[in-house]
Amino acid sequence: MLLKQRGWTAALVVGIGALCAGLLWIDAHWPASVTSGGVPPAFSLEGAASPPVFVRPLQQLFKLVVAAIIGLLVTAVHRRYPSDKPLTRSLAQAQILLCVAGSLMMVIIDGSLARAFGVVGAASIIRFRTPVEDPKDTTILFLLLGLGMACGMGTFAVAGLATTFLCLVLALLGSKVERKPRVLTLEMVSEGAEFPTEYVHRLLSAYQIEFEPCEVEKQENESTVKYEVTLPDPDTPLQTLSDQLMDEKAAALKAVTWKIPKKANKG
């Protein structure tokens, strides 16, 4: 597990470094073509009065792709160093899409004041009802919007350096904060009357999870057992663990549910 985490961290570092270097190179060699909508040297045609029609749409698509990559990298670092609460899948996807949305807005506006007012008017119609509880998550969403806008404007050097700086700050903040263990209620339902206690205990111990049975209910065709579990690592992959618990060859479990205890909600 530790080697896997180190390999994932090394891959993130390499990816961020490669992205920053690539954007700096693009900004240095294609300043007029990508930023202002001109033609890259590779597409220039001697004697041609205007660039090929397909070049400009591809340039705008390139900006969206860069914004998506930046969103993916920042979200990966945020997932590696989250706040007190783990990063949910919906919020992670929202971060990536918001970065792309910022880039798309700048591509659509394209220096037009009338388009800018149109985008603002259209955005004001949307109402987001889902609150973001963690101020850190809200700030990252705002920063990703700014990074996407930088991509849409074609300022790739700024976008690359800002992405690298943001990832370094997230890693620094994450490494200095002591993260609290997660306390959950694990409910499992077996297909038969016999519950695979030995397999469940062995698997939970392999993930270094502290557990204590709190409720057992046996019926003729199934058994329901509830555990109070403590996860020392808040990033423990619950979906992977659930799939292993429901492995047909190892255990006959038909349902696995993770819940936040009521006493934890009150606190």
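**Exercise 1. Start from one side chain**

Task: Which residues does valine 74 touch, leaving out those up to four places away in sequence?

Solution. Keep in mind that this is a predicted model.
- Step 1: Setting aside residues up to four places away in sequence, valine 74 touches Ile140, Leu144, Leu147, Thr163, Leu166, Cys167 and Leu170.
- Step 2: Now widen the view to the largest nonpolar core, which has 24 residues. Val74 is among those with the most contacts inside this core, together with Ile70, Val77 and Leu147.
- Step 3: Look for the helices behind the core. Helix 1 (2-29), helix 3 (55-80), helix 6 and helix 7 (156-176) each supply at least two of its residues.
- Step 4: Helix 3 gives the most, with 7 residues.
- Step 5: A second, separate core has 20 residues, including Met188, Val200, Leu241 and Trp258.

As background, nonpolar side chains in soluble globular proteins tend to be buried together.

**Exercise 2. Describe a helix pair**

Task: At what angle do helix 4 and helix 6 pack, and how far apart are their axes?

Solution. 
- Step 1: Locate the two elements: helix 4 covers residues 89-109 and helix 6 covers residues 135-153.
- Step 2: Their packing angle is about 35°, and the axes are 6 Å apart.
- Step 3: For the handedness, helix 4 passes helix 6 in a right-handed crossing.
- Step 4: Find the residues that make the contact. On helix 4 they include Leu91, Ala94, Gln95 and Leu98, and on helix 6 they include Ile140, Leu141, Leu144 and Gly148.
- Step 5: Sorted by class, this contact has 15 nonpolar, 5 polar and 1 charged residues.

**Exercise 3. Buried, partly exposed or exposed?**

Task: Into which class does leucine 64 fall, and into which does phenylalanine 142?

Solution. 
- Step 1: Leucine 64 is found in helix 3, while phenylalanine 142 lies in helix 6.
- Step 2: Recall the cut-offs: buried means under 20% relative accessible area, and exposed means over 50%.
- Step 3: Leucine 64 counts as partly exposed because its relative accessibility is 22%.
- Step 4: Phenylalanine 142 is exposed, because its relative accessible area is 63%.
- Step 5: Check the surroundings of leucine 64. Apart from neighbours within four places in sequence, leucine 64 is in contact with Val100, Ser103 and Leu104.

**Exercise 4. A backbone angle in a loop**

Task: Where does glutamine 208 lie, and what is its phi?

Solution. 
- Step 1: Glutamine 208 lies in the loop between helix 8 (197-206) and strand 2 (210-218).
- Step 2: Phi of glutamine 208 is near 60°, a positive value in a residue other than glycine.
- Step 3: For context, most residues other than glycine have a negative phi.
- Step 4: Glutamine 208 is also exposed, because its relative accessible area is 62%.

**Exercise 5. Step back to the whole chain**

Task: How many helices and strands does the protein chain have?

Solution. 
- Step 1: The protein chain has 10 helices and 4 strands.
- Step 2: Along the sequence, their pattern is α-α-α-α-α-α-α-β-α-β-β-α-β-α.
- Step 3: Of its 267 residues, 34% count as buried.

Terms used. Residues are numbered from 1 along each chain as its sequence is written. This is a predicted model: local features need pLDDT of at least 70, side-chain atom pairs count only at pLDDT 80 or more; totals for chains, interfaces and linings use all residues. Side-chain values use heavy atoms; hydrogens and water are left out. Axes are lines fitted to C-alpha atoms, for helices over the stretch in contact, and angles run from 0 to 180 degrees between N-to-C directions. A crossing is left-handed if the near helix is turned anticlockwise from the far one by less than a right angle, and right-handed if clockwise. Contact means heavy atoms within 4.5 Å. Ala, Val, Leu, Ile, Met, Phe, Trp, Tyr, Cys and Pro count as nonpolar, Asp, Glu, Lys and Arg as charged, and the others, Gly among them, as polar. A nonpolar core is a set of buried Ala, Val, Leu, Ile, Met, Phe, Trp, Tyr and Cys residues joined through side-chain atoms within 4.5 Å. Buried means under 20% relative accessible area, exposed over 50%, partly exposed in between (1.4 Å probe, protein chains only).
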